[in-house]
Amino acid sequence: MSIFQGPVFEMARTQFTTIADYLGIEESERDRLLLPKRAIAISCPIHLDDGRTAVFQGYRVQHHLTLGPTKGGTRFAASVDMGEVAALAIWMSWKCALAGLPYGGAKGGISVDPVSLSPRELEALSRRYMQELIPFVGPHVDVMAPDMGTNEQVMAWFMDTYSMYQGRTVNEIVTGKPVQSGGTEGRREATGLGVMHLAFSAMQELSIEPTKATAIIQGFGNVGSIAGIELARRGVRVIGVSDHSACFFDVKGLDVEAMTRHVEARGSLRGFPAEEFEPGDLLTQPCDILVPAAMERVIDAAKATKLRCRILAEGANGPTTPEADKLLEERGSDIFVIPDILCNSGGVIVSYFEWVQDLQQFFWGYNEVVSRLNQILDRSFQAMVERSRRDRISHRTSAMSIGVDRVRLAKQKRGLFP
Ligand SMILES: NC(=O)C1=CN([C@@H]2O[C@H](COP(=O)(O)OP(=O)(O)OC[C@H]3O[C@@H](n4cnc5c(N)ncnc54)[C@H](O)[C@@H]3O)[C@@H](O)[C@H]2O)C=CC1
Ligand SMILES: O=C(O)CCC(=O)C(=O)O
């Protein structure tokens, strides 16, 4: 029985089969491309504040080693298991290849609700996780970054733990660190900035005037809040916002800056002074730009038939199931999908810039980071749109096939040890 199980892994497998069929990849080559090279499971014991010892299950999956080190975020969430992490690592591979980054994909995480831990327990768990993974990571082996439930502070603890072990500061071991500790300008904002930039590219394609456009955002953490702020700053009316604790909808527009301040002060949107809305109905309200920026699989077949957005900007990884994808394709071109591996690629692109700066000990300014980020996003967006038009395929099939093809060609050129 495979160690990679569950609906999220099955989704990554189904998507890959669609791409492999489209690219005409032989059956014999498919497992080599899809199955992760390394999958590590660890147990992380820590002392809780009440004196008890608790053991948390952690994972790290490194998908392929063909193009360079592996790269990807670390997720702290109750849902984390080997299957979910493996799917996310596979998606990282196609994402990095689409952006032209010299990485294979990786992802890791701990099965824990980080909100249930005290600050001291969170630090202990973060440090223990990195410590257990020291034999399997390195600046030229596998480079972690933030994902759901982790942030700049967790990255600083990872870097410090690894550096103490090495006896010197090794900034390049993780990205997404605070600027004060070897991080880059722009990484904290990068994923949300990329979502906004690509939503603007899509609006241009559809001749939508941004100052007349509306947006709905599900998930108000790093990705969702920054995407919301950046859209609003450029004149888009954000009419719907939710997180795990509360949901708001107002056609007149919501004050996303005030919402961000509320989350910074209180940890979530709970208690924000506005009228609450039924979260189950948020994604299907009419809007120009819909940004799922929380969990996987929130747009299933039932939701797909009811979506009333013009642009689906996938800030989250894997928000749309393959069944929903089929239905969206059947609806023709009425929804412009910006698939996750493109839409949220701003994060890993600026992580790449951070790694390069750390290796060189030579740091860039914010404008340089954003300008280089936009260049890569524009190149990927154009490549996706052109291939999709040329071969009459969906944006997801187009974007993923560019990524898969690049990994496959690199593997073919390197050959197999006889
Ligand atoms: N942080 C990054 O740089 C990147 C993140 N992503 C993806 O973006 C998504 C969000 O990640 P982050 O913003 O970093 O995480 P985060 O931990 O900063 O925020 C997650 C947000 O989702 C909300 N949420 C959780 N369950 C929800 C539910 N059932 N309904 C509505 N909201 C819910 C949380 O309350 C929180 O506001 C994930 O899919 C992640 O893999 C993708 C690329 C890069
Ligand atoms: O910044 C990175 O290295 C990875 C970010 C990430 O986890 C993702 O793109 O899903």
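Biologist: Does Lys95 count as buried or exposed?

Modeller: A residue is buried if 20 or more other C-beta atoms lie within 10 Å of its own, exposed if 12 or fewer, and partly exposed in between, with C-beta atoms placed from the backbone. Lys95 has 30 C-beta neighbours inside 10 Å, so Lys95 counts as buried. Keep in mind that this is a predicted model, where local features need pLDDT of at least 70, side-chain atom pairs count only at pLDDT 80 or more, and totals for chains, interfaces and linings use all residues. Residues are numbered from 1 along each chain as its sequence is written, while chains are lettered from A and ligands numbered from 1 in the order in which they are written.

Biologist: Where is Lys95 placed, and which residues does Lys95 touch?

Modeller: Helices (H or I, at least four residues) and strands (E, at least two) are DSSP runs, numbered from the N terminus. Lys95 sits in helix α3. Two residues are in contact if their C-beta atoms, placed from the backbone, lie within 7 Å. Leaving out residues up to four places away in sequence, Lys95 touches Gly105, Ile341, Ser345, Val348 and Gly403.

Biologist: Which residues does UniProt mark as "binding site"?

Modeller: UniProt positions are given in the numbering used here, feature names are shortened, and annotations may be inferred rather than shown by experiment. The unreviewed UniProt entry puts "binding site" at Lys71, Lys95 and Ser351. They span 281 residues in sequence, yet no two of their C-alpha atoms are more than 12.8 Å apart, so they gather at one spot.

Biologist: Where is Lys71, and what is Lys71 in contact with?

Modeller: Lys71 lies in strand β3. Lys71 has 29 C-beta neighbours inside 10 Å, so Lys71 counts as buried. Beyond its neighbours within four places in sequence, the contacts of Lys71 include Met92, Tyr103, Val348 and Ser351.

Biologist: Which residues come nearest to ligand 2?

Modeller: A residue is near a molecule if its C-beta atom, placed from the backbone, lies within 6 Å of it. Of the 14 residues around ligand 2, Gly73, Ala145, Gly347, Val348 and Ser351 come nearest. The elements giving two or more residues to this shell are β3 (70-77), α3 (82-99) and α12 (346-360).

Biologist: How is the chain divided?

Modeller: Domain bounds come from an automatic or database domain assignment. Here there are domain 1 (7-183) and domain 2 (188-345). Their contact takes 14 residues from domain 1 and 12 residues from domain 2. On the side of domain 1 that touches domain 2, α3 gives the most, with 7 residues.
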